[in-house]
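Subject: Structure handover

Hello,

Here is the structure I promised to pass on. Please open it first, then read the notes below.

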Amino acid sequence: MPDFDVVELGPTDHPEAGDEAPDFTRPLVNDEFWEDRSLSELTDEGRVILIFTPMIASYAAKYVWDELTERGWNEGDARIVGVSASTPYAHSSVIADNDYPFELFADPANGVAERYGIAHDLDGMAGVSEPRTAFFAIDSDGVVEASWVATEWPEFPEYDDLEEQLDLV
Amino acid sequence: MSAPSESPITLYRLQACPYCERVVALLEEYDLEYASRYVEPMHSERDVVKRVAGVRSVPVIVDEETGVTMAESGNIVEYLERTYGEHGKAQGAAAGGDD
């Protein structure tokens, strides 16, 4: 018997391929400043990969962003943007400390994850909710093309498969 | 890395900075559309402000309508009053000209 416990997260009701991606406006943090931007402003400019992670300073978020940095997801045609339930200050520090070539939406109240049906209340952190790890490929019309949503906590995708699924190869 | 704002005026600001709030109050009074870009508390980390305005202090305003980039809240307030205030000439036209 394993001496650790992977938490089953239960079913979700997240947007699937063909569904419209819920639009939202939040501070989008880059390596120099943050500013309110909406998802639709970004998709108007082209394809977007929207990536939800646990709070930005957690190891679970670090695993994701380190992996995507190493894989050079920023070098493709799609715009890669993250979302986590951390403050703009935390996002700013983590981007600077790790030289991440990505932009991150700050959503401390976790309302975006709520709208995407992937909010996760944290046990032992009263009042704190964050997204489960999830990836959405969204086309320039704001329609979901493909998605991957964690069903366990923690859970990480098989990145080679994911790149194929999200058409990033 | 980030596309230009859709608003004609961009305000570089720091959270809870009274000098910035003074400018915000005037932008709101004149009902001007503006985008807020929040920067870091540490001066040394404000490269974007330095690049845009040549200084590391905030507030800094960039007004695409008039092509003006300006630092120092006192100067900005004066500029906004002159350009968009009751006696302002600009309202949609290019700024400039003496009264």
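How many residues of chain A are in contact with residues of chain B? Nine residues of chain A meet twelve of chain B. Here, two residues are in contact if their C-beta atoms, placed from the backbone, lie within 7 Å.

First, the ground rules. This is a predicted model: local features need pLDDT of at least 70, side-chain atom pairs count only at pLDDT 80 or more, and totals for chains, interfaces and linings use all residues. Residues are numbered from 1 along each chain as its sequence is written, while chains are lettered from A and ligands numbered from 1 in the order in which they are written.

**Where the chains meet**

On the side of chain A that touches chain B, strand S3 (34–38) and helix H3 (88–98) of chain A each supply at least two residues. Helices (H or I, at least four residues) and strands (E, at least two) are DSSP runs, numbered from the N terminus. That side of chain A has three nonpolar, two polar and four charged residues. Ala, Val, Leu, Ile, Met, Phe, Trp, Tyr, Cys and Pro count as nonpolar; Asp, Glu, Lys and Arg count as charged; the others, Gly among them, count as polar.

H3(A) also has buried residues: Pro88(A), His91(A), Ser92(A), Val94(A) and Ile95(A). Buried means that 20 or more other C-beta atoms lie within 10 Å of the residue's own, with C-beta atoms placed from the backbone. These residues pack against S2, S3 and strand S6 (103–106) of chain A, together with strand S2 (34–38) of chain B. Asp99(A) follows H3(A), and its phi is positive, near 55°.

**Chain A, inside**

The largest nonpolar core has 62 residues. Such a core is a set of buried Ala, Val, Leu, Ile, Met, Phe, Trp, Tyr and Cys residues joined through C-beta atoms within 7 Å. Ile49(A), Leu50(A), Val81(A), Leu104(A) and Phe136(A) touch the most other members. Not counting residues up to four places away in sequence, Leu50(A) touches Val81(A), Val83(A), Phe136(A) and Ile138(A).

Arg26(A) sits in strand S2 (residues 25–29) of chain A. Is Arg26(A) buried or exposed? Arg26(A) counts as buried, because it has 20 C-beta neighbours inside 10 Å. Beyond four places in sequence, its contacts are Phe105(A), Ala106(A), Asp107(A) and Val112(A). Gly111(A) is 85 residues from Arg26(A) along the chain, yet their C-alpha atoms are separated by 9.8 Å.

Ala61(A) lies in helix H2 (residues 59–70) of chain A. Ala61(A) is buried too, with 24 C-beta neighbours inside 10 Å.

**Chain B**

Chain B has three helices and four strands. Along the sequence, the pattern is β-α-β-α-β-β-α. Of its 99 residues, 28% count as buried.

H1(B) and helix H3 (residues 73–84) of chain B pack at an angle of about 5°, their axes 9 Å apart. Axes are lines fitted to C-alpha atoms, for helices over the stretch in contact, and angles run from 0 to 180 degrees between N-to-C directions. H1(B) is therefore roughly parallel to H3(B), a label for angles under 35 degrees. H1(B) brings Tyr19(B), Arg22(B), Val23(B) and Leu26(B) to the contact, and H3(B) brings Ser73(B), Ile76(B), Val77(B) and Leu80(B). Six of these residues are nonpolar, one is polar and one is charged. Just after H1(B), Asp31(B) takes a positive phi of about 60°.

Best wishes

Conventions: Buried ≥ 20, exposed ≤ 12 C-beta atoms within 10 Å, placed from the backbone. Parallel < 35°, antiparallel > 145°, perpendicular 65-115°, else oblique.
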